[in-house]
Number of protein chains: 2
Amino acid sequence: MIRKTRLFTPGPTPLLPAAQFAMAAADIHHRTPEFRALYQRVLAQLKEFVGTQNDVLLMACSGTGAMEASVSNLTSPGDRVLVLSAGKFGERWVALAKAFGCNADVVTKPYGSTFTLDEVRAALKPDTRAVYMQATETSTGARHDVEGIAKLLRSSGSEALLVVDAITGLGTTHFDVDGWGVDILIGGSQKAVMIPPGLAYLSVSERAWAAMETSRNPRYYFDLRRERKSAKAGESAYTPSVALVAGLGAAFDFIASQAGGDLAAGRVALINNAETISAMTRAAAQALGLKLFAPDSPAAAVTAIVAPEGLDSSAVVKELKGRFASVIANGQGDMKGKLFRVAHLGYFDFMDTIALIGALEQIAPTALKTPNFQFGTALAAAQQVYADRVAEARKAATPEAVHA
Amino acid sequence: MIRKTRLFTPGPTPLLPAAQFAMAAADIHHRTPEFRALYQRVLAQLKEFVGTQNDVLLMACSGTGAMEASVSNLTSPGDRVLVLSAGKFGERWVALAKAFGCNADVVTKPYGSTFTLDEVRAALKPDTRAVYMQATETSTGARHDVEGIAKLLRSSGSEALLVVDAITGLGTTHFDVDGWGVDILIGGSQKAVMIPPGLAYLSVSERAWAAMETSRNPRYYFDLRRERKSAKAGESAYTPSVALVAGLGAAFDFIASQAGGDLAAGRVALINNAETISAMTRAAAQALGLKLFAPDSPAAAVTAIVAPEGLDSSAVVKELKGRFASVIANGQGDMKGKLFRVAHLGYFDFMDTIALIGALEQIAPTALKTPNFQFGTALAAAQQVYADRVAEARKAATPEAVHA
């Protein structure tokens, strides 16, 4: 049988063809008016996509590079910071804070869970300089309460800066960066924006710019002030990832095209898309008799599903790849073998989702040892979720229907 | 919701990415050693793919061009030919025979049916110069009995040449061109070989070459003798479709890669692929309560499904396109509005098929007015067909299992 390779991983995600074409055509020099015009256009789109009046900067690095920038630019050795950690990427904040000599208070919760506002309040100190968190923890499929924590910081009179890793959160979760007061929000290219890895971006508030003036940690490539200065001139400080910038522009054009050319509305449509197909996937997993790893606060970006007792989730990953050339993610770190993860962020549609659930049903008897399994059970559950959401959306779009 | 455009049409069919890349890179002149090396390699692959020792020629035209060549090269005005017609492409043979002044006997059967050997025997005359037929009639989804008719011709002592339009038959149906004595077998590029339209190819037997010596119909661009002479020198007679030739080579590499590098075995795998997903589709259609248009002799290339009484099949085509960006084919000619067609030839896999059936289930209540429809019914039927075929294939591959 023909088996087309399909990614269902939370980064890299499936590439948008229009972005691939734009990347292939990006044969331009980066110190020319042509590139400056492209760069300025993409930076403007990026602000609209992030939904902020703050500066948004683009850098040739992975998301971790932008995470590092938000530590090295905001802190000095010995500074007290608060890290919220309930997964592999929370742990990365801890490692970064330590690498730059910060004194890190850590609220640690088990993988798959999230933080209560009381826990955050209790850990916040008068001299906490910054709070580092994930919007969605990619390793566990949990969504954290960015809005609640941002409001807690502001209402508590804390002067701590709020830094949010939204690498898988952007395009799958609603943010009001300026209204909530998120000081740095970080995104990456190989996620909801449908292009390959290699670009990171971050929005930076005026409070964060001010804080940089007193930060004494060393930085050069990731010096955000230098990058801001270049961006104002329509350039990047160092050689930019030209093809990825062109691809990102094409991706934003596509996202806007999903909402009549309005990029902000296109971002909302993209989030709704991820919400619908994640809901389909959760329903299918439950119909297969499987447990969700983060049932209380599931992210729309990625669904983590627990392998049945006594089974290794690696078998699911391996059998899907071997039999259907579909790539899903295993658990990370301690969770390897315990769960598998299916992504929904970016360029996925209804048909991708039904197809993956069909493949999961095929491997259910062997890799999942699902008892009394009937073909069509998980598919029917997903179909019903989709039909219900379509019906709701239609009802919402037709005022008469609401009153009918 | 994001909706990725997907073709489920019997030509054009979904493009193979490796072929697209080869086409994009095909920036070479056609009168150079580089192109001659490519052309000779692809002609050799073509012979292996068709499965013949006869010459196989490649021409820059659609399949209809090769159909014309097999009339204009083999006949003279006033020649008696026999056409087997049970669909739009059978009718095309009639039109071509008339255009070149032939005296056409026609066995006409209703759309969706096929021919008995007795019907063909009765229509065959001592002076019939050639028999023209389809291997699979794309407009109806019926498979015709090429082997039976070829053997009938040989056993009856007829000297008629056998010309088979296998444009959707190649790669979906087994042929033994040399063993059965098929004089011309015709294929097209936008079919099972996974590249865009614009190339046709045909195998030509020694009997056919001999017949050309006495044929007096005018031909120039489609003069097969001239094309053969150029092919022997590793070139095409006229400017070839360079990018498509490069794409075809990449497609053959892919087809061979499905069977450890053996192209003939890869063709068998491709046929099995179409057989499996067509069987899944037929089961799903029947589970939806729909009737097959050619139930007695269904082709693996394409499945034609009858719209329920009183409904227009255009609604199915339109709703699948509008809601899911999936393109299926309506009926052609008189059949427009009466049936819809789903293709299986070429680059389709299990997941494409499940996805399409999922979309068909979503539109079933509206476009198909399926009574008492339950989500998962059609999907479960297709899942069972796939699982059964995989189990059978495994059994066949494991001698112990057969005897267990």
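In this predicted model, 29 residues of chain A are in contact with 29 residues of chain B. Start on the chain A side. Helix 13 of chain A supplies the largest share, eight residues. By class, the side of chain A that touches chain B holds 15 nonpolar, nine polar and five charged residues.

Two of these helices also pack on each other. The axes of helix 11 and helix 13 of chain A come within 10 Å. They cross at roughly 15 degrees. Angles under 35 degrees count as roughly parallel, and helix 11 and helix 13 of chain A are therefore roughly parallel to each other. Their crossing is right-handed. From helix 11 of chain A come A:Ile277, A:Met280, A:Thr281 and A:Ala284. They meet A:Phe350, A:Thr353, A:Ile357 and A:Leu360 of helix 13 of chain A. This contact has six nonpolar residues, two polar and no charged.

Now turn to the sheet of chain A. Seven strands form an open sheet in the order 2-10-9-8-5-3-4, with mixed pairing. Strand 2 (55–59) and strand 4 of chain A are the edge strands, and each pairs on one side only. On average, neighbouring strands are turned by 20 degrees against each other, direction ignored.

Follow the pairing strand by strand. Strand 3 (residues 80–85) and strand 4 (residues 103–108) of chain A run parallel and are joined by six bridges. Within this pair, A:Leu82 stands opposite A:Asp105 of strand 4. Helix 4 (residues 88–99) of chain A belongs with these two strands: strand 3, helix 4 and strand 4 of chain A make a right-handed β-α-β unit. Elsewhere in the sheet, strand 8 (residues 161–165) of chain A pairs with strand 9 (residues 184–188) of chain A. Here too the sense is parallel, over three bridges. A:Val163 faces A:Ile184 of strand 9 in this pair.

A helix lies against this sheet. Helix 2 (residues 33–50) of chain A packs on it, touching strand 2, strand 9 and strand 10 (200–204) of chain A. The direction of helix 2 makes about 115 degrees with that of strand 2 of chain A.

Helix 2 of chain A has a helix partner as well. It packs with helix 10 (residues 242–257) of chain A at an angle of about 50 degrees, and the axes are 9 Å apart. The two helices of chain A, helix 2 and helix 10, are therefore oblique to each other. Their crossing is left-handed. Helix 2 of chain A brings residues including A:Phe35, A:Leu38, A:Tyr39 and A:Phe49 to the contact. Helix 10 of chain A brings residues including A:Val242, A:Val245 and A:Phe252. The contact of helix 2 with helix 10 in chain A counts ten nonpolar residues, two polar and one charged.

Chain B comes next. Its open sheet has seven strands in the order 2-10-9-8-5-3-4, again with mixed pairing. Strand 2 (55–59) and strand 4 (103–108) of chain B stand at the edges. Each has a single partner strand, so one side of each is left without a neighbour in the sheet. The twist averages 20 degrees from one strand to the next.

An antiparallel pair sits in this sheet. Five bridges join strand 9 (residues 184–188) of chain B to strand 10 (residues 200–204) of chain B. In this pair B:Leu185 stands opposite B:Ser203 of strand 10. Helix 4 (residues 88–99) of chain B lies across strand 3 (80–85), strand 4, strand 5 (128–134) and strand 8 (161–165) of chain B. Helix 4 runs at about 160 degrees to strand 3 of chain B.

Last, look at a helix pair in chain B. The axes of helix 2 (residues 33–50) and helix 10 (residues 242–257) of chain B come within 9 Å and cross at roughly 50 degrees. Helix 2 and helix 10 of chain B are therefore oblique to each other. Helix 2 of chain B passes helix 10 of chain B in a left-handed crossing. Among the contact residues are B:Arg41, B:Val42 and B:Gln45 of helix 2 and B:Ala246, B:Leu248 and B:Gly249 of helix 10 of chain B. By class, this contact in chain B divides into ten nonpolar, two polar and one charged.

Conventions: Residues are numbered from 1 along each chain as its sequence is written. Chains are lettered from A and ligands numbered from 1 in the order in which they are written. This is a predicted model: local features need pLDDT of at least 70, side-chain atom pairs count only at pLDDT 80 or more; totals for chains, interfaces and linings use all residues. Two residues are in contact if their C-beta atoms, placed from the backbone, lie within 7 Å. Helices (H or I, at least four residues) and strands (E, at least two) are DSSP runs, numbered from the N terminus. Ala, Val, Leu, Ile, Met, Phe, Trp, Tyr, Cys and Pro count as nonpolar, Asp, Glu, Lys and Arg as charged, and the others, Gly among them, as polar. Two strands pair if DSSP finds at least two bridges between them. Axes are lines fitted to C-alpha atoms, for helices over the stretch in contact, and angles run from 0 to 180 degrees between N-to-C directions. A crossover is right-handed if, with the strands pointing away from the viewer, the path from the first strand over the helix to the second runs clockwise. Angles under 35 degrees count as roughly parallel, over 145 as roughly antiparallel, 65 to 115 as roughly perpendicular and the rest as oblique. A crossing is left-handed if the near helix is turned anticlockwise from the far one by less than a right angle, and right-handed if clockwise.
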